[in-house]
Amino acid sequence: MSTSPTRRRAKHLDALSALVLLTSPTLACGQTEFSRGQIPSPPPYPVTTNTRLVTVTGSVIDGGTLVVENGVITATGIDADVPAKAPKIDGEGLTVHPGLIDALSTLRHPESAARQRGSSAPGTTEPDQQITASFPLATTLPEAGTRQDVRTYEEDREWLDRADASRSYVGDSAAVRIDEFIDFACSTCQGFFVLRADSLKSKLVDSGEVNLIVRAFPLSRLMRGFQAAEAAFCAGALAGRRGFEGMQHRLFMNQGAWQPLRDPTPILEGFARELGLSMAQFSDCLARDAMAPLILYDVRLGHLANAPGTPTFVFNKGEAFSGDIQFYGNQPLSSFQEAIERARQGG
């Protein structure tokens, strides 16, 4: 029985989202479920079933089960023992490889990136500078297509660079940078966008007082924020700042239309059509999860800062990223001004 592209993408996104998000603490939209500084107990790790497994030794198991516990692959095989409470992912049509997620990335910590660039703006990337980011997870990938179906590495890297630049509002004069961690599916993030985002940008960012980088921090319990972040970054990759801001506006202002859906792809593609984006390129960007490295980088940075929920705002002096000065929620402009002054004075 054949499966439609939309159904295949929905299944692939469910698997990707589960592997990334189920291994992170369950954070709240606008509120925290654990105190800052405490380490929560990890949730059950997912079990992937009915999938093609490529093992460390190189042998291949068709229709197998893979068990991950505490970040370590503990069992593989047709009849592997599955923990009773472990969530299950149907891996039909997928291949699971042990090891690394995005082992070779052009995305770097803002501090090291700016130091290597000299006077370049913090928070952006350049193609000749790379870092290796490892995650203690299995990597689930779709079957490879023909060479004609695959964009070259250089082309995807260019997309990632353009998407990164489209969400970064940076200049040379600002002494403080705000890293804003959001989930497009979060109602508190939507409220901040509607009530305060324009004031923050016009009074603090456009004036050159601060730099701002909008980062994706999809929360596990909201689920569809990952797909929405992909749409925003794909739009930025294709149309720069206009594409990112246009998609961001549509995502927040129409949150109730796409957020509850199992597969919001048709609505996301409708937004792209309204923006005049190349539909072939946008659909390709979504279908291949081309923006996943950028999202994973943001999620990792958010956890390094111990972000308690969304939206979280981290205030950094200069190019360093410390996470020491931060707050979350729909805060008034006066709170931003106080935090900016603290960051200027070094905390």
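This is a predicted model: local features need pLDDT of at least 70, side-chain atom pairs count only at pLDDT 80 or more; totals for chains, interfaces and linings use all residues.
Residues are numbered from 1 along each chain as its sequence is written, and side-chain values use heavy atoms, with hydrogens and water left out. Helices (H or I, at least four residues) and strands (E, at least two) are DSSP runs numbered from the N terminus.

**Helix 11**
- Leu333, Ser335, Phe336, Ala339, Ile340 and Ala343 are the buried residues of helix 11, where buried means under 20% relative accessible area, with a 1.4 Å probe and protein chains only.
- They lie on the same side of helix 11, because the arc they cover around the axis is only 150°, taken from the directions from the helix axis to the C-beta atoms.
- The partners against which these buried residues pack include helix 4 (187-195), helix 5 (197-205), strand 12 (312-317) and strand 13 (325-328), contact being heavy atoms within 4.5 Å.

- An open sheet of mixed pairing is formed by five strands in the order 8-10-9-12-13, two strands being paired if DSSP finds at least two bridges between them.
- Strand 8 (168-169) and strand 13 are the edge strands, each pairing on one side only.
- Strand 12 and strand 13 run antiparallel and are joined by four bridges, and Phe315 stands opposite Ile325 in strand 13.

**Cys189**
- Cys189 is placed in helix 4 and counts as buried because its relative accessibility is 2%.
- Although Cys189 and Asn330 are 141 residues apart along the chain, their C-alpha atoms are separated by 7.3 Å.
- Leaving aside neighbours within four places in sequence, Cys189 is in contact with Ile182, Asp183, Phe252, Thr310 and Pro311.

**Nonpolar cores**
- The largest nonpolar core has 70 residues, and Met247, Met291 and Phe315 have the most contacts inside it; such a core is a set of buried Ala, Val, Leu, Ile, Met, Phe, Trp, Tyr and Cys residues joined through side-chain atoms within 4.5 Å.
- Helix 6 (residues 225-253) supplies the largest share of this core, 15 residues.
- Apart from this core lies another of five residues, among them Ile61, Leu66, Val68 and Val96.

How values were computed
Buried means under 20% relative accessible area, exposed over 50%, partly exposed in between (1.4 Å probe, protein chains only).
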